Amino acid sequence: MIVQTAFAANAQEKALSIRDLTKDYPGVRAVDAVSFDIDRNTVHCLVGENGAGKSTIVKMLTGALAPTSGSMAILGRTYEPDSTQDARESGVGTLFQELHVVDQLTVLENLTLGMEASRFGFLVKSDLEGRVVKTLAAIEPTIDPKARVSSLSVAQKQIVEIARAASSGASIIIMDEPTAALSEREVERLFGVIRRLRDSDVTVIYISHKLDEIFELGDNVTVMRDGKHIATKPLADVNGRPELIEMMVGRAITHDYEPRGDIADNPVLTVKGLTNHLLKDVSFHVKGGEIVGFYGLVGAGKTEVARAIYGADKADGQIDFKGRKRAASPKEAIAAGIALVPEERRTQGLFTELAIRRNIPIMNIRKLASFGVFQDEREKEVAREYVGKLGIATNSIEKYAEKLSGGNQQKVVLSKCLFADADMLLLDEPTRGVDVGAKSEIYDLIRDLANNGRAICIFSSELEEVLGICDRVFLMYDGRIQAEIKNGTEVDIPHILNVVTGGGGENK
Amino acid sequence: MTDQAVAGRRLAKQDNRLSDEMFITSLVAGAAVALFLLASILVPNFFQFQNVVNLVTNNWAVISLGVGVTFLLVSGNFDLSVGGIVALSGVLAVWFAQATDGANALSSGWGMPTWLAMVCALIGAMSIGAVNAAFVVALRVPSIIVTLGTMMLARGIAQVVTQGSQRNTNLPADFGTLGNMTMFGTSIKLPVVLMATLIFVAVFVERKTVFGRLTYLIGANPVASRLSGVDNARHVVKLYLFSAVMAGVVGILLASEFKSGFSNRGTLMEFDALVISLLGGVAIAGGFGSVIGMFFGAIILATVTSAATGLVLSPDWQFTLKAIAVFIAIMAQTWALARRHAG
């Protein structure tokens, strides 16, 4: 058969075969001719840094994205899902990070939800229920099918969702960072479920940043880097974390860091023992003119540090900015001279349905008013000034922020902070979703600001970014600062990756 | 000319484009005029200057309530309590002003001088606004639920005070002065002049002040506005207090005009105030709309209902006609905005 000749002779034995899979976005190739096989009834791990292309592959597997070229096959048969529904019917189930269970229904009702309609009559339905209950009992006997889902923990809800995928006949279940919201004990329970799934003829594709989990759970691992496939091999053949990390990072990360001389002697910001629902005893200081980086993976607590300093979230501990007590609200933080570029530009940083000129003065809006009366003409002047100064590419200051590209939107958010006359800038993922050209412009701007004496904190999950511009970098994992490194030419990248994936660390 | 100068000129030229708000407001104003002209063709004697004046003066109460409701809607919050507050403040003002020596419970009150009774009634209205603010801001209960509750609370208190009826005896002679005072030697009454003043002030606040800007920001994106240093909570508290005080003034003026405190006064006014705001292009999700739009929304509604009465339709048709007007207006706005954004 034509279909089968495209694959290796033993393709029927493979749960999933991927050949030359490529996905292009305008200006960037997210996945570049990736080929690998996944053995039946294994736990297959997918690892790589942020931006390596893992989530793009997952989106193609679940039918959310169509590949630009290349092919996929399940058990030797061509697999071309055109929607997530289609993928599910082909036997590919997904455990999303946001759960899709209905709290008001019982476990059993959740498990059969949507399946009743496709079958007619009551006899079939009772048969369905029996099958579903058996599947659930096989993977997690402690969950009562009659319990209301609202009474379950997050971990148990996850398991209900896994059981739903398994009982709807999924032969492959994709799990994207499933342990992100789980406690240690719950993780152990989930692992038990995953092992039992594997033993009952289900292949699991497991994506996680936590390398310990990969070694504990996985049979095989595929490493991705910069959209390319690096290796696929049994975890038994991987020589511990160092080898895995080396594959993930590969060549030395290129970074154009240059030490800067003009850093003040005394700290402007001193943080001691910052603790809240996620942070554990975070202490550090930042000096005027210094660019400090916080590097860690998703969920390490970077955003929480930024928000606590900014007064946006509650936290215990001491924050001292220029001898002033901590800010109780963003309003106070701005008044003290701190400005935040938030993580989610479109929902937290911008008013997308307002014009550029209306966005720019917001953080310091009273500066454009005399006796409460707003000076419209001054606003236009200010907007034109910043559009010119930061090189925001637009044909009008009346254009909606919505219609700008990611890089230009971010420049608008930065303009807001600059207009607020901040002495300290907290930049949370400042170049996420920003094209390469705008990225380097933003870096130049950040260096300029620091050279003018401002203190800058960058919270980023891109190592290249923090190593490119920061003078010092704090490595975060699990809500703690695990290590501090001084940037320079001799940076031990495997050490950094070891620390931020939970390998422990000490100041270096 | 240098490239930069050309670019600068282009920037300046494009900046003068009509904003979406101006566009919708002109659309609503145009629709109001068109409807009036249409009604003038269909209904005999409709096309008279006095009729235009009547459309406004007969609706001073709802339009005044619409100002507070519009500001709150723009900030992303509902206020359904204004009708109840109209009843409560009127009843309270009368009760406080009634002499203590009445023949029965409904004809004796607190014996306060008129001005003090009115001030105290305003404080009563304001306290309903404070309850709204407390639940919406501090306890984060959805505003539609909170104000639905206070709508019933305010009217409920009014009903207890009037024993489900009304208080209209034993009042000081000057109690009816404010509501019936005519201005500038014409037949225009004080409440209408106050409404006009309120509209002018509100438009100024909305267009020209920081307070107005903040109202829009909070409605457009409350998360971003908080992170940009806006004290959302404090601002929404002010808006609820303002809306309640306006409703209180309306209630007191109506009580003065009729020299009575009636617990059913202002029934459904909260919905009319909401409807004219939406007709006037205020976005129900917040962040968009204008007081001028609301004003023309009121004119549209008034034209439709009075023309219908003139067309010998029985008054029973009023609600149905209002409904049709609302559906058409909202569809037209959605369509117009979508077209504009596509272009």
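Q: In E5(A), which residue is the bridge partner of Ile74(A)?

A: Arg77(A) is the bridge partner of Ile74(A) in E5(A). This is a predicted model, in which local features need pLDDT of at least 70, side-chain atom pairs count only at pLDDT 80 or more, and totals for chains, interfaces and linings use all residues. Residues are numbered from 1 along each chain as its sequence is written, while chains are lettered from A and ligands numbered from 1 in the order in which they are written.

Q: How many bridges pair strand E4 with E5(A)?

A: Strands of a sheet pair through backbone hydrogen bonds, either parallel or antiparallel. Strand E4 (residues 69-74) of chain A pairs with E5(A) in the antiparallel sense over two bridges; pairing requires that DSSP find at least two bridges between the strands. Strands (E, at least two residues) and helices (H or I, at least four) are DSSP runs, numbered from the N terminus.

Q: What is the order of strands in the open sheet of four?

A: The order is E2-E1-E4-E5 (chain A), with antiparallel pairing. Strand E2 (28-39) and strand E5 (77-78) of chain A are at the edges with a single partner strand each, so one side of each has no neighbour in the sheet.

Q: Which strands form the open sheet of six?

A: The order is E15-E18-E19-E13-E20-E21 (chain A), with mixed pairing. At its edges, strand E15 (338-341) and strand E21 (480-486) of chain A each pair on one side only. Strand E13 (residues 291-295) and strand E20 (residues 472-477) of chain A run parallel and are joined by four bridges. Within E20(A), Leu475(A) is the bridge partner of Tyr295(A).

Q: Which residues have the most contacts inside the largest nonpolar core?

A: In soluble globular proteins, nonpolar side chains tend to be buried together. A core here is a set of buried Ala, Val, Leu, Ile, Met, Phe, Trp, Tyr and Cys residues joined through C-beta atoms within 7 Å; buried means 20 or more other C-beta atoms within 10 Å of a residue's own, exposed 12 or fewer, partly exposed in between, with C-beta atoms placed from the backbone. The largest core has 238 residues, and Ile173(A), Ile338(A), Ile456(A) and Leu475(A) have the most contacts inside it. At least three of its residues come from each of domain 1 (2-247) and domain 2 (267-356 + 422-500) of chain A, with bounds from an automatic or database domain assignment.

Q: How many helices and strands does chain A have?

A: Chain A has 18 helices and 21 strands. Its C-alpha atoms fill a box of roughly 75 × 50 × 45 Å, taken along the principal axes. Of the 508 residues in chain A, 45% are buried.
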